[in-house]
Amino acid sequence: MQLSEDTLAVIEYLNTTIEGGLRKRNDVGTILELGATFGVAEHFNNISRTGTATWKVYSTLRRVKQGDEGFRQLEEEFALQMNALREQLATLMHNADDETLKRFDEIYFGMTQGVIRNIVDLSHDLAKIKSLQSPR
């Protein structure tokens with residue numbers, strides 16, 4: 001998918017503003033481009049909220065050891081948030097071209113460790129973007 005100059009400018013800004021940069025720069029650009037092109041800004045906001053929730057649960061899960069109190073609930077919540085994010089991405093991809101849809105299918109919609117890692121990385125970026133939208 002070809003990104004507009006506006007989207008490229010936003011991505012560059014985000015990449016330089018977020019400490020450590022974006023982990024999934026091209027995918028964030030695709031999501032932003034689809035949101036802007038098809039006028040689904042609220043859907044992007046939902047994606048960023050769900051990504052933020054996914055990142056927060058994942059970050060907490062990393063600090064807890066298997067067998068600790070609440071670990072199982074955190075695992076379940078992470079799976080719920082991750083699947084909600086995937087569903088929202090899938091809905092957005094209805095507007096994408098076949099090449100972009102195939103790429104997102106391989107990166108985010110499978111059931112491998114690599115897919116989970118990709119979702120975590122995208123969630124990181126979405127959480128950072130959300131924090132820029134509504135700073136504390």
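The structure is a predicted model. Helix 6 (residues 113-133) packs against helix 5 (residues 98-108) at an angle of about 105°, and its axis also crosses that of helix 3 at roughly 115°. Trp55, Tyr58 and Phe78 form one aromatic cluster.

**Helix 3 and helix 6**

- The axes of helix 3 and helix 6 come within 7 Å of each other and cross at roughly 115°.
- Angles of 65 to 115 degrees count as roughly perpendicular, and helix 3 and helix 6 are therefore described as roughly perpendicular to each other.
- The crossing of helix 3 with helix 6 is left-handed.
- On the helix 3 side, the residues in contact include Phe44, Ile47, Arg49, Thr52, Trp55 and Tyr58.
- On the helix 6 side, the contact residues include Arg117, Ile119, Val120, His124, Leu126 and Lys130.
- Classified by residue type, the contact of helix 3 with helix 6 comprises nine nonpolar, eight polar and three charged residues.

**Helix 5 and helix 6**

- Helix 5 and helix 6 pack with their axes 7 Å apart, at an angle of about 105°.
- These two helices, helix 5 and helix 6, are therefore roughly perpendicular to each other.
- Glu106, Ile107 and Tyr108 of helix 5 meet Val115, Asn118, Ile119 and Leu122 of helix 6.
- The contact of helix 5 with helix 6 has five nonpolar residues, one polar residue and one charged residue.
- Ile119 of helix 6 takes part in the contact with helix 5 and is also listed in the contact with helix 3.

**Aromatic pairs and burial**

- Three aromatic pairs are found in a search of the whole structure.
- One of them is the tilted pair of Trp55 and Tyr58, with 5.8 Å centre to centre and 35° between the planes.
- Both Trp55 and Tyr58 lie in helix 3 (residues 41-63), three residues apart, which is about one turn of the helix.
- Trp55 counts as buried, at 15% relative accessibility.
- Tyr58 is likewise buried, with a relative accessible area of 16%.
- The ring centres of Tyr58 and Phe78 are 5.8 Å apart and the planes lie at 40°, so this pair is tilted.
- Tyr58 belongs to helix 3 and Phe78 to helix 4 (residues 71-92), so the pair ties together parts that are 20 residues apart in sequence.
- Phe78 counts as buried, at 10% relative accessibility.
- Trp55 and Tyr58, members of the aromatic cluster with Phe78, also belong to the contact of helix 3 with helix 6.

Definitions and conventions: Residues are numbered from 1 along each chain as its sequence is written. This is a predicted model: local features need pLDDT of at least 70, side-chain atom pairs count only at pLDDT 80 or more; totals for chains, interfaces and linings use all residues. Side-chain values use heavy atoms; hydrogens and water are left out. Axes are lines fitted to C-alpha atoms, for helices over the stretch in contact, and angles run from 0 to 180 degrees between N-to-C directions. Helices (H or I, at least four residues) and strands (E, at least two) are DSSP runs, numbered from the N terminus. Angles under 35 degrees count as roughly parallel, over 145 as roughly antiparallel, 65 to 115 as roughly perpendicular and the rest as oblique. Contact means heavy atoms within 4.5 Å. Ala, Val, Leu, Ile, Met, Phe, Trp, Tyr, Cys and Pro count as nonpolar, Asp, Glu, Lys and Arg as charged, and the others, Gly among them, as polar. Rings of Phe, Tyr and Trp (its six-membered ring) pair if their centres lie within 6.5 Å; planes under 30 degrees apart count as stacked, over 60 as edge-to-face and the rest as tilted. Buried means under 20% relative accessible area, exposed over 50%, partly exposed in between (1.4 Å probe, protein chains only). A crossing is left-handed if the near helix is turned anticlockwise from the far one by less than a right angle, and right-handed if clockwise.
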